[in-house]
Amino acid sequence: MELLKKRVNEFPTPYTIKAAAAQGGPETKLSMLVMGLGNLLHKQAAKGLVFLAVEILYLVFMFTNGFHCLSMLPSLGSVEQEEVWNETLQIYEYTKGDNSVLILLYGVATILLTGLMICFWAETVRSRQPSGVIRLGGAGKLCDTV
């Protein structure tokens, strides 16, 4: 029955996504869309550029391959392997169909990558908050002015 008990966080933090959305200004809300923007504005260039690069790479992947992998996942392909008679050689030849195992693999990998990206996005929002609090001198309230 100990498994059903609610776990208590031993190290609670005030830097949550909910607090960032409620207390943050326009700079914080923009950094929720453009990962790393808040870090860049608060002179944390290396961290901000890493977050921005990860977001750009993810979007490039999704637009080039990811959406196709996700769209093929429910059907696992639509082209079946066929047997076609070749008149000149007088034999049956087989045309390739969709490889359902690879479609499944790429689809599941895309879903896992999207889950990791959501976790990474949450970390960027949490990473933005301490820089605003530090600029206020540790007053505990988020500041969006540079």
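1. W85 has a relative accessible area of 36% and is therefore partly exposed, since that class covers values between 20% and 50%. This value, like the others below, comes from a predicted model.

2. The structure contains three aromatic pairs. One of them joins F51 and F120 in an edge-to-face arrangement, with 5.2 Å from centre to centre and 75° between the planes. F51 belongs to helix α4 and F120 to helix α5, so this pair links parts of the chain that are 69 residues apart in sequence. F51 is buried, at 8% relative accessibility, whereas F120 is partly exposed, at 25%. W85 takes part in another pair, with Y92: the ring centres are 4.9 Å apart and the planes stand at 70°, so this pair too is edge-to-face.

3. Strand β1 covers residues 82-86 and strand β2 residues 91-95; the two run antiparallel and are joined by five bridges. Within this pairing, V84 of the chain faces E93 in β2. Four residues separate the strands of the hairpin.

4. Q90 deserves a separate entry. Q90 sits in the loop between β1 and β2 and has a positive phi of about 60° although it is not a glycine. Most residues other than glycine have a negative phi. The relative accessible area of Q90 is 47%, so Q90 is classed as partly exposed.

5. K43 also has a positive phi, near 60°, and is likewise a residue other than glycine. Its place is the loop between α3 (37-41) and α4. With a relative accessible area of 65%, K43 is exposed; the class applies because the value is over 50%.

6. The largest nonpolar core is made up of five residues: M35, F51, Y58, M62 and M117. Helix α4, residues 45-72, contributes three of them, the most of any element. F51 is thus a member of this core as well as a partner of F120 in the aromatic pair.

7. M62, another core member, touches F67, L70, T110 and T114 when residues up to four places away in sequence are left out.

8. T124 is located in helix α5, residues 100-135. T124 is buried, with a relative accessibility of 3%, because buried means under 20%. A polar atom of the T124 side chain lies 2.5 Å from the backbone oxygen of W121. Beyond its neighbours within four places in sequence, T124 is in contact with M35, N39 and F51.

9. Which residues of helix α2 are buried? In this helix, residues 26-33, they are E27, T28, S31 and M32. These residues lie on the same side of α2, because they cover an arc of only 150° around the axis. P26 and L33, on the other side of α2, are exposed.

Note on methods: Residues are numbered from 1 along each chain as its sequence is written. This is a predicted model: local features need pLDDT of at least 70, side-chain atom pairs count only at pLDDT 80 or more; totals for chains, interfaces and linings use all residues. Side-chain values use heavy atoms; hydrogens and water are left out. Buried means under 20% relative accessible area, exposed over 50%, partly exposed in between (1.4 Å probe, protein chains only). The arc is that of the directions from the helix axis to the C-beta atoms. A nonpolar core is a set of buried Ala, Val, Leu, Ile, Met, Phe, Trp, Tyr and Cys residues joined through side-chain atoms within 4.5 Å. Contact means heavy atoms within 4.5 Å. Two strands pair if DSSP finds at least two bridges between them. A polar contact is a pair of N or O atoms within 3.5 Å; within protein, one must be able to donate a hydrogen and the other to accept it, and residues adjacent in sequence count only if both atoms are side-chain atoms. Rings of Phe, Tyr and Trp (its six-membered ring) pair if their centres lie within 6.5 Å; planes under 30 degrees apart count as stacked, over 60 as edge-to-face and the rest as tilted.
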